[in-house]
2 protein chains.
Amino acid sequence: MEQEILSTDTTSILSPAHFDFSQWSAAQLLRVEQALEGWVGVDTPADLGQAMRYAVLDGGKRLRPLLVLAAAQAVQGQPQAALRAACALELIHAYSLVHDDMPCMDNDVLRRGKPTVHVQYGEAVALLAGDALQAQAFELLTPSEQEVPAAIQAKLCRLLAQAAGGQGMAGGQAIDLASVGLALDEAQLSHMHALKTGALLEAAVSMGAACADVAPNVQVALSRYAKALGLAFQVVDDVLDVVADAATLGKTPGKDAANEKPTYVSLLGLEGARLYADQLLKTSLLALQDTGLSDVRALSALALMVVQRSH
Amino acid sequence: MEQEILSTDTTSILSPAHFDFSQWSAAQLLRVEQALEGWVGVDTPADLGQAMRYAVLDGGKRLRPLLVLAAAQAVQGQPQAALRAACALELIHAYSLVHDDMPCMDNDVLRRGKPTVHVQYGEAVALLAGDALQAQAFELLTPSEQEVPAAIQAKLCRLLAQAAGGQGMAGGQAIDLASVGLALDEAQLSHMHALKTGALLEAAVSMGAACADVAPNVQVALSRYAKALGLAFQVVDDVLDVVADAATLGKTPGKDAANEKPTYVSLLGLEGARLYADQLLKTSLLALQDTGLSDVRALSALALMVVQRSH
């Protein structure tokens, strides 16, 4: 089975004609940054609004928003719903980083090359800023029904809540916490990551798709794409944690090993982890072909970006 | 104006015929407890699910759920939507208490007579449990569209997100944090409380009303009822913080004074605060009359309960 996947020709989907990914992603990032700039923490009292903006408006990779917009483009989804979904997911991601960095969790002082939110604003404000960002994510998904139809609003809220909660991201973080110092096998490790980082990445694709009416078989193929991409993301993260330096990474490297956290590198070795990431990339690209959608160029380019990134 | 309000006869609305509030509230509480029992933290990994259940299933007053159900009854709202809204609000309330009690916030070790969540499960799990409870609130509001129409789901998510976020509860908490040691005047104090505790209490009423189609003038009157009740709730809280002991209160009393937090008692004196609470009760009951709704018995009984409670 693996042999078959590896030998399949994915050249056409990797290098689609007439598609400039950097141009596409620059245009989408501009939309996302402008929207976040206008929305996040606005009219919010005291330090809270500032801390929310500090946490979000600092040039993250915006991978989740780009995935939402790429998926919405592939299904020709409602643009305003897609933009709101993109920003909502980024707020959930940002809040999880704020809380993750706190002293009672990872106790990290550096994030994207800047002091973390609790270092900058104090722990109490960081806690509240994370909480308020999660609430604002759902606020972004529920504008007037003239702007986004109620049926899409409900679907987006449902997908986001499931992905963020105890059976999604927060659940994965709890497993991660409980697994420090334990020797997880590959199945346990991939289950943890499927929740901790995978759930939001999968939600990005399914939320993008939810901006239009999509046939079930297309949803299934998109979900296979997203699962492989989510896992690849984590495998590459583990590789980068070993090989990159703090300046490139924008955060403290080597923390996983120091914390005795299980990683794909500790499990498969550095070369094994790299090969696994390549294999997951191919799986995700084949799933894209299976969608039968005509414009999956941005989605395929994003999968490539996830595996080839240096930070 | 105040004189006029105080002299208005509210006897009929305070003692409605043929209504047994204890029976009504016992029946509603049973529905809410059973629903929470079946929903909260179920199928959630590691300690997380247990911590979520510990935070919620411990016999709080359930004032917010009762308000939702009373408002839904007054407007003859869809029962399943109302039950989900009631539980969702309670999850938001519970998560706010979990985070509020943490060492970086109020550092409280006792809540409803039991060790607080971070004392019982550790700070990291408490942080995650609060986060997961907030997400689950929105999950409860977004079941299948066969169960609750999408238009109601979207409306409920919108109201809850606004009430919980930076312009609602979390914003009020930020103002509260920033005001320690400051001499707030009454306008500033009431603004802080309107956000910190008022927003969720108002959301309870508006979410209950959103379970049906309600005329704008009815919404306005219900909102006046909820605003007065929310403020009364806080005034009574400040009174109880001074006069009640830990056993009755189920939490550490006298903390506000110890923390140099401004309160209605420090501002108006004990007797003044009590009189103000009574006046707010009358305001809320008059607003109920203005709704023109035929069955506001549970809503009026709840207002009375808020002002006359001993904990």
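A: Helix H9 of chain B covers residues 150-164, where helices are DSSP runs (H or I, at least four residues) numbered from the N terminus. Its end C-alpha atoms lie 21 Å apart, which agrees with the 21 Å that its 15 residues should span at 1.5 Å a residue; the expected span is 1.5 Å times one less than the number of residues. The model is predicted, so local features need pLDDT of at least 70 and side-chain atom pairs count only at pLDDT 80 or more, whereas totals for chains, interfaces and linings use all residues. Residues are numbered from 1 along each chain as its sequence is written, with chains lettered from A and ligands numbered from 1 in the order in which they are written.

H9(B) is largely enclosed by the rest of the structure, because 14 of its 15 residues are buried (20 or more other C-beta atoms within 10 Å of the residue's own, C-beta atoms being placed from the backbone).

Chain A superposes on chain B by a rotation of 180° with 0.0 Å of shift along its axis, at an RMSD of 0.0 Å (least squares on the C-alpha atoms of residues with pLDDT of at least 70 in both copies). This is the relation of a two-fold axis. Within chain A, the C-alpha of Ala154(A) comes closest to that axis, at 2.6 Å.

Contact (C-beta atoms within 7 Å) joins 46 residues of chain A to 46 residues of chain B. Helices H4 (46-56), H8 (123-140), H9 (150-164) and H10 (169-178) of chain A each give two or more residues to the side touching chain B, and H8(A) gives the most, with twelve.

Conventions: Buried ≥ 20, exposed ≤ 12 C-beta atoms within 10 Å, placed from the backbone. Contact = placed C-beta atoms within 7 Å.
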